[in-house]
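Dear colleague,

Please find below the structure that I am handing over to you. My findings on its helices follow directly after it.

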Amino acid sequence: MGITQMLAKLAVPAIRVLVVEVPGQWSTRVELEDQMLRRGWRRAWSPADADVLAVCGVPGPELTQLVDRLWEQMPGPRVHADMPSTSTVSSALDDAITRYIDTTHHKHDASSRPQEPRLPHDDTDHGSDDAMSHSSHDTMDDDHGGMDHDSHTDMDHNGHGHMGHSDHADIDDSGHGGMDHSDHGDMEMSPGGIPLAQGGPDRDGLEMDVLHLTLGPILAYWPAGLAMNCTLQGDVVVDSDASIVDGHTSPVPAPGLSPAMRCDNVMSLLALAGADDLAARARQTRDHLLRGDHSEAHDGLERLHRAIRRSWLLRGSLRRVLVLDHLECQRYGLPASCRGDAYDRMLRTLTRIQVAVDGGGPTVDDDVSWQVLPDLVIGLELATLRLGVASVNLQPLPAHGVAHD
């Protein structure tokens, strides 16, 4: 065995996986997370940090182009793993290990890669190009793995606040973020074709920078397939709209939120807030619910609830995030359970899960449609937007095309 193969085998336990979840493939993504945990693998937050690109489900034509763009951005050695259903996850990861330690495969991959990045004018499909540039742009925005709660909060604020400038330039130059000039009207462009912030009137009559930014559709702890186009003045969202990737295909009706799905939502909010230990507890409780271990789930929920209430740092991070009063809930057709801020909604969700687990009745149908999100995020600072989205129980986005068992 050569030294290269030895080093490759030593690197296997430290593999990082960039996860792409196709809408409607929630269970496949959950199975992937379970298999990653068994292997000691960690989640990658950006293409540059990933060894394996794992696609959960069969993507439609638009999402396929976005996945291809992600693949272009991954440095070697790299492996692509397709998981059309939950039953294929384990074998796909085993195959990924085999290819990961295959040095001949990586030499061929390196020699066949384009020597120049794809530029905006190389793309014929302007819409998919624009979506991809933002999706991975924002995936890279959240590269905070290994940080404690406090440092992650700072990173989220600073990273989001400056992504539209320096980091966006890095992505575009590497072929990851091609944009057509027509996307931004008469916006002034830098020599590299990167859109720059333009001036616009503020509510106070002063001129501020106006920047257009899209979150999703491929983003950690983000609704699968959701893309939100935001207009920013400074770091405040002043306009927004949302769409679903491959939304033109015939959808398969999505199921309602189960207690396990609600627990998964809590896990996402905790992870985005930087509370990694609490997020791990929520994931473990979610897995107990999926396996039907109600006794373990009950105990896990009680411990998680107590730990969240004891965390003053977590409370400070989520207080005043997407505050909704009674009138706003009525205006947007939201259930009463959405009142309060992100912290209130998280505690309320945990209580509803506990009631369902203890047999106190069915889970209340208080999920929220993704169509209302653009109205809810207006006025939020960019640093808190993802926390706000994660704090509401969104209806599961429908699977597109043919369902896979």
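Angles between axes under 35 degrees count as roughly parallel, over 145 as roughly antiparallel, 65 to 115 as roughly perpendicular and the rest as oblique. The model is a predicted one, in which local features need pLDDT of at least 70 and side-chain atom pairs count only at pLDDT 80 or more, while totals for chains, interfaces and linings use all residues. Residues are numbered from 1 along each chain as its sequence is written, and side-chain values use heavy atoms, with hydrogens and water left out.

The protein chain holds 15 helices and 10 strands; these are DSSP runs numbered from the N terminus (helices H or I, at least four residues; strands E, at least two). Of its 405 residues, 50% are buried, that is, under 20% relative accessible area with a 1.4 Å probe, protein chains only.

Helix H10 (residues 294–310) and helix H13 (residues 342–357) have axes that come within 10 Å and cross at roughly 160°. The axes are lines fitted to C-alpha atoms over the stretch in contact, and angles run from 0 to 180 degrees between N-to-C directions. H10 and H13 are therefore roughly antiparallel to each other. By class, the contact of H10 with H13 has 9 nonpolar, 5 polar and 2 charged residues. Here Ala, Val, Leu, Ile, Met, Phe, Trp, Tyr, Cys and Pro count as nonpolar, Asp, Glu, Lys and Arg as charged, and the others, Gly among them, as polar.

The axes of H8 and H9 come within 8 Å and cross at roughly 170°, and H8 and H9 are therefore also roughly antiparallel to each other. Their contact includes Cys-263, Met-267 and Leu-270 of H8 together with Leu-278, Ala-282 and Leu-289 of H9. It has 11 nonpolar, 1 polar and 4 charged residues.

Helix H9 (residues 276–291) has 16 residues, which at 1.5 Å a residue should span 22 Å; its end C-alpha atoms are 23 Å apart, which agrees. The expected span is 1.5 Å times one less than the number of residues. Buried residues of H9 include Thr-285, Arg-286, Asp-287 and His-288. The buried residues of H9 pack against helix H2 (26–39), helix H8 (259–272), H10, helix H11 (312–318) and H13. After H9 comes Gly-292, with a positive phi near 80°.

Yours sincerely

How values were computed. Contact = heavy atoms within 4.5 Å.
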